[in-house]
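Dear colleague,

Please find below the structure that I am handing over to you. My notes on what was found in it follow directly after.

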Amino acid sequence: MTDAALYFTGPEAVEVRETAVGPPDADELLVDTRASAISAGTELLVYRDQTPGDFPADETLDALDGDLSYPLQYGYAASGVVSEVGADIDPDWVGRSVFSFVPHQTSFRTTPDSVVALPPGTTPAVGSLLPSVETATNIVLDAAPRLGERVVVFGAGVIGLCVTRLLAAFPLESLVVVDPIERRRALAAAFGADRTATPGALNDATDADANLTGSDAALDDADLAVELSGQPSALDDALGVVGYDARIVVGSWYGTKRDPIGLGGRFHRDRIDIVSSQVSTISPELRGRWDRDRRMDAALERLDRVPADELITHRIPFERAPEAYELLDSAADETVQVILEYS
């Protein structure tokens with residue numbers, strides 16, 4: 001069977017091309033991909049040519065060893081089944097469901113230490129959500145929510161919803177999720193948010209579309225804001241809702257997008273902390289107790305707590321992948337998680 005791989009070939013252009021994978025080397029597995037998740041954040045930046053072209057794709061993942069200039073393979077959420085093993089590999093690997101951080105393609109060769117064995121019964125589509133849950137786990141570790149805090153999450157995309165799900169398990173005073181799309185606000189409420197709001201309704205507790213009840217203190221004196229919208233303007237909104245000595249954790253990657261940020265006012269005098277959270281590394285403050293294996297284990301334990309059927313709005317055959325990116329690019333109000341499925 002001829003294998004195929006997805007390539008980003010230019011702005012708003014992707015192609016499915018034939019590729020040669022071949023049999024596994026002695027120390028390798030051959031994995032047949034069953035599903036791969038598209039990141040509506042990072043991958044759309046690549047699709048829209050909103051990334052620095054000479055920027056490394058990901059220096060921590062062997063499968064993404066180039067930069068972000070066209071043409072390139074990209075993606076990091078593949079779930080599949082081991083179909084063949086090399087001479088030095090335990091044959092018990094054959095038939096196992098695994099996850100790997102590799103681009104979108106029909107099959108791939110890799111080593112056992114580069115895959116994550118999925119729990120029994122995990123469907124391929126759910127397995128492809130693992131990096132989103134791991135990213136959410138990393139963000140919550142960086143945010144370090146505390147008992148009784150008021151928390152606001154900006155952005156109810158896949159990562160924002162996964163973060164909302166994890167934060168809802170904490171004994172917070174309130175958890176507010178801000179997103180302009182009604183469907184995503186409804187999902188945020190289902191995932192555990194106490195309240196939701198549109199960006200324009202942050203300071204208006206009487207706005208019917210904001211779905212606010214009770215005190216609006218959580219919208220003007222928050223202890224913690226988590227920015228996951230992918231829009232630089234939301235960082236300015238986050239500065240507007242947090243209080244003195246508050247924390248803002250930025251999990252978005254903005255690429256080349258820019259927006260004015262008001263750092264000349266209360267940000268400075270109110271001693272507001274702004275920190276980045278990026279899943280490629282563990283925060284230096286946590287490395288004494290946490291490493292990537294422990295974080296992955298924590299994500300695996302929580303994978304089945306994320307309602308995958310509510311997150312996944314579209315399942316598109318791999319050979320029609322260009323349609324998936326066009327859909328994500330043009331119909332954000334209709335999509336949440338788009339999955340590519342492989343026959």
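Which order do the strands of the open sheet have, and is their pairing parallel or antiparallel? The model is a predicted one, in which local features need pLDDT of at least 70 and side-chain atom pairs count only at pLDDT 80 or more, while totals for chains, interfaces and linings use all residues. Residues are numbered from 1 along each chain as its sequence is written, and side-chain values use heavy atoms, with hydrogens and water left out.

The open sheet has six strands in the order S10-S9-S8-S11-S12-S13, and their pairing is parallel. Strands here are DSSP runs of E with at least two residues, helices are runs of H or I with at least four, and both are numbered from the N terminus. Two strands count as paired if DSSP finds at least two bridges between them. Strand S10 (195–197) and strand S13 (273–276) stand at the edges with a single partner strand each, so one side of each has no neighbour in the sheet. From one strand to the next, the twist averages 20°. Strand S12 (residues 242–250) pairs with S13 in the parallel sense over four bridges, and Val250 stands opposite Ser276 in S13. Helix H4 (residues 158–167) packs on this sheet, where it touches strand S8 (150–154) and strand S9 (174–178). The direction of H4 makes about 165° with that of S8; such angles run from 0 to 180 degrees between N-to-C directions, and axes are lines fitted to C-alpha atoms, for helices over the stretch in contact.

H4 is mostly covered, with eight of its ten residues buried, that is, under 20% relative accessible area with a 1.4 Å probe and protein chains only. Among them are Leu161, Cys162 and Leu166.

H4 also packs against H3, at an angle of about 55° and with the axes 9 Å apart. H3 and H4 are therefore oblique to each other, a term for angles that are not under 35 degrees (roughly parallel), over 145 (roughly antiparallel) or 65 to 115 (roughly perpendicular). Residues of H3 including Val133, Ala136 and Val140 meet residues of H4 including Ile159, Cys162 and Val163; contact means heavy atoms within 4.5 Å. This contact of H3 with H4 has ten nonpolar, three polar and no charged residues. Ala, Val, Leu, Ile, Met, Phe, Trp, Tyr, Cys and Pro count as nonpolar, Asp, Glu, Lys and Arg as charged, and the others, Gly among them, as polar.

How does H3 (residues 130–143) lie against helix H8 (residues 292–302), and at what angle do their axes cross? The two axes come within 9 Å and cross at roughly 115°, which makes H3 roughly perpendicular to H8. The residues of this contact divide into seven nonpolar, two polar and four charged.

Elsewhere, strand S1 (residues 3–10) is mostly covered, as seven of its eight residues are buried. S1 pairs with strand S2 (residues 13–19) in the antiparallel sense over seven bridges, and Ala5 stands opposite Arg17 in S2. The hairpin of S1 and S2 has two residues between the strands, and Glu12 takes a positive phi near 55° there.

Lastly, Gln105 is found in the loop between strand S5 (97–100) and strand S6 (107–110). Gln105 is buried, with a relative accessible area of 12%. Not counting residues up to four places away in sequence, Gln105 touches Ala4, Ala5, Val21, Thr33, Gln73, Phe318 and Tyr342.

With kind regards

Note on methods. Buried means under 20% relative accessible area, exposed over 50%, partly exposed in between (1.4 Å probe, protein chains only).
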